Amino acid sequence: MFNDLRELLNKLEEMGQLKIVEGADWDLEIGTINELMAERKGPSLLFDKIKGHPPGFRVATNLFYQKVVQILSFGLPENMGDLERVRYWKDKYFNFKPVPPIEVKKGPILENVFTGNDIDMFKFPSPKWHMHDGGRYIGTGVISITRDPDEGWINFGTYRVMIHDKKTVSYYVSPAKHGLIHREKYWAKGQEAPVCMVFGMEPLLFGLATMAIPSGISEYDMAGYIKGKGIEVIIDDVTGLPIPATAEIAVSGFSPLPSVDSRPEGPFGEWTGYYASGARTEPVVHVKKLYHRNNPIILGQPPLKPPVNTWFPIPLHTAPVVWSQLEKMSIPGIKGVYIHGAGGRIFCCISLEQRYLGHAKQVATLAAGILQGGACTGRFIITVDEDIDPSNFEEVLWAVTTRMDPETQLHVIPGYLTSPLEPWLSPEKRTARDFTAAKIIMNACKPFHWKDKFSVTNVASPELREKILKRYKNIFELVK
Ligand SMILES: Cc1cc2nc3c(=O)[nH]c(=O)nc-3n(C[C@H](O)[C@H](O)[C@H](O)COP(=O)(O)O)c2cc1C
């Protein structure tokens, strides 16, 4: 695991997986170079000497799509299949014991500190990433840190951040996210909402900020637990919020009531592959303090049109939650849960050993309810028998096309919470703020009441395979 973004970059360099790019323009060049490199599954990129900015003010992109980066960032075992890694994370994550952050008085983030008229958000080479973006986005690989004003716990959330002027940024938070709930609690009391935003940090903190960790649990305590040591933080004297001591860039400030100040945000090229949420008026943050390290690095994680994936490939964000919730409900026979598609959140595949009539339908409807609250999240719930590996999407598709009677085993259930990022939402639904969508359940298990009579699968038995592999070892050695 890493203690800051620079340790990850050093590791990538050591692996021959980091390319330095000099002289690019923040205005669409960085974004397009990143898009073309990500399409080619090329190395991570560190942009320096960016047009109009001093050398050393850098942007890092294309960092997370390689499995090895996720394994190192989350401390996952190396010699294990991906389904087993999901199981490992589920067991680790749900045995959570808080390890609180450690307050320190010194840290690299304090190398440069600005207040008042010395604050200038344009001093960083924040890219305009995509052609139709409405502005420069400093926050794509970002953490917003907030405190629940009633309960006191600290939340991290990744919500994109656009720059408006030297001292004003806006952030876009979808319905039901913790950062939005905290903000609204302050506003309900007639107060401005305090917030710190961090642009560039160790990958585990970023990963946790994008996970739906339950209300009341701080991602700081979770990160400390995963690492086995508390995260070092400095306390921002403006908001009282803790900032990672090794962060690259951080700001602290207040989000006023929207009636006081709110500004057009977007459009922004979103992870669904469209600019679906357009430009709207969103709350802002008035920046009161700006911190950065010497030679600061913006962590860039701009979304790209699927199937280009720049995100962590193993679905630790989604699959372990469904799996553990099903276990907590004492649902028997669950063999594995895996989620495929953009961001590891679209096709939820559950393998189970059917024990009773309606078992697969029960599992699917529960999973549909557990996977809530984001565009396309768990849109397809697919149940398969225990002989299918849910992490192998081609196997799942084989089951869908050969075991599912479309007339009786496919169900469309409307009314789940989704998000304004859904491209297909009609103008009428959007105006009515009706951000609901249907989920599709596909039961690709053999029909329970006659599964023993289902056609026999055309594959050699494990015993016969073992015998043949042993006897003809020499010919199989070549294709290990
Ligand atoms: C790369 C990335 C970018 C994201 N950007 C946003 C965003 O701009 N707005 C948003 O509401 N959610 C965004 N999300 C999803 C949230 O970060 C995620 O739902 C997280 O759980 C929110 O934290 P919370 O559960 O504490 O609210 C993003 C996720 C990822 C992986």
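Student: Is Lys 185 buried, partly exposed or exposed?

Tutor: Lys 185 counts as partly exposed, because its relative accessibility is 21%. Buried means under 20% relative accessible area, exposed over 50%, and partly exposed in between, with a 1.4 Å probe and protein chains only. The model is a predicted one, in which local features need pLDDT of at least 70 and side-chain atom pairs count only at pLDDT 80 or more, while totals for chains, interfaces and linings use all residues. Residues are numbered from 1 along each chain as its sequence is written, and side-chain values use heavy atoms, with hydrogens and water left out.

Student: Which salt bridge does Lys 185 form with Asp 148, and at what N to O distance?

Tutor: The side chains of Lys 185 and Asp 148 meet at 2.8 Å, N to O. A salt bridge here is a side-chain nitrogen of Lys or Arg within 4 Å of a carboxyl oxygen of Asp or Glu.

Student: What about Asp 150 and Lys 185?

Tutor: Asp 150 also forms a salt bridge with Lys 185, and their closest N and O atoms are 3.6 Å apart. Asp 150 lies in the loop between β7 and β8 and Lys 185 in helix α5, so the pair ties together parts that are 35 residues apart in sequence. Asp 150 counts as partly exposed, at 47% relative accessibility.

Student: Moving on, which residue does Glu 248 pair with?

Tutor: Glu 248 forms a salt bridge with Arg 293, with the closest N and O atoms 3.8 Å apart. Glu 248 is in the loop between β13 (242-244) and β14 (249-255), and Arg 293 is in the loop between β16 (280-292) and β17 (297-299), so the pair ties together parts that are 45 residues apart in sequence. Both Glu 248 and Arg 293 are buried.

Student: Which residues do salt bridges with shared partners join into one network?

Tutor: That network consists of Asp 148, Asp 150, Glu 151, Lys 185 and Lys 189.

Student: And how many salt bridges are there?

Tutor: The count comes to 31 salt bridges.

Student: New topic: how many cavities of 30 Å³ or more does the structure hold?

Tutor: It holds two cavities of 30 Å³ or more. On a 1 Å grid over the protein atoms alone, a cavity is a set of points where a 1.4 Å probe fits but cannot get out, and lining residues have an atom within 4 Å of a point. Grid points are joined across faces, edges and corners, and a volume is the space filled by probe spheres set on the points.

Student: What volume does the largest cavity have, and which element gives the most to its lining?

Tutor: The largest cavity has a volume of about 40 Å³. Its lining includes Leu 371, Arg 379 and Lys 439, and β22 gives the most, with three residues.

Student: Which element gives the most to the lining of the second largest cavity?

Tutor: Helix α5 gives the most there, with four residues. The second largest cavity has a volume of about 30 Å³.

How values were computed
Helices (H or I, at least four residues) and strands (E, at least two) are DSSP runs, numbered from the N terminus. On a 1 Å grid over the protein atoms alone, a cavity is a set of points where a 1.4 Å probe fits but cannot get out, and a pocket is an open set with protein on both sides within 12 Å along at least five of seven lines; lining residues have an atom within 4 Å of a point.
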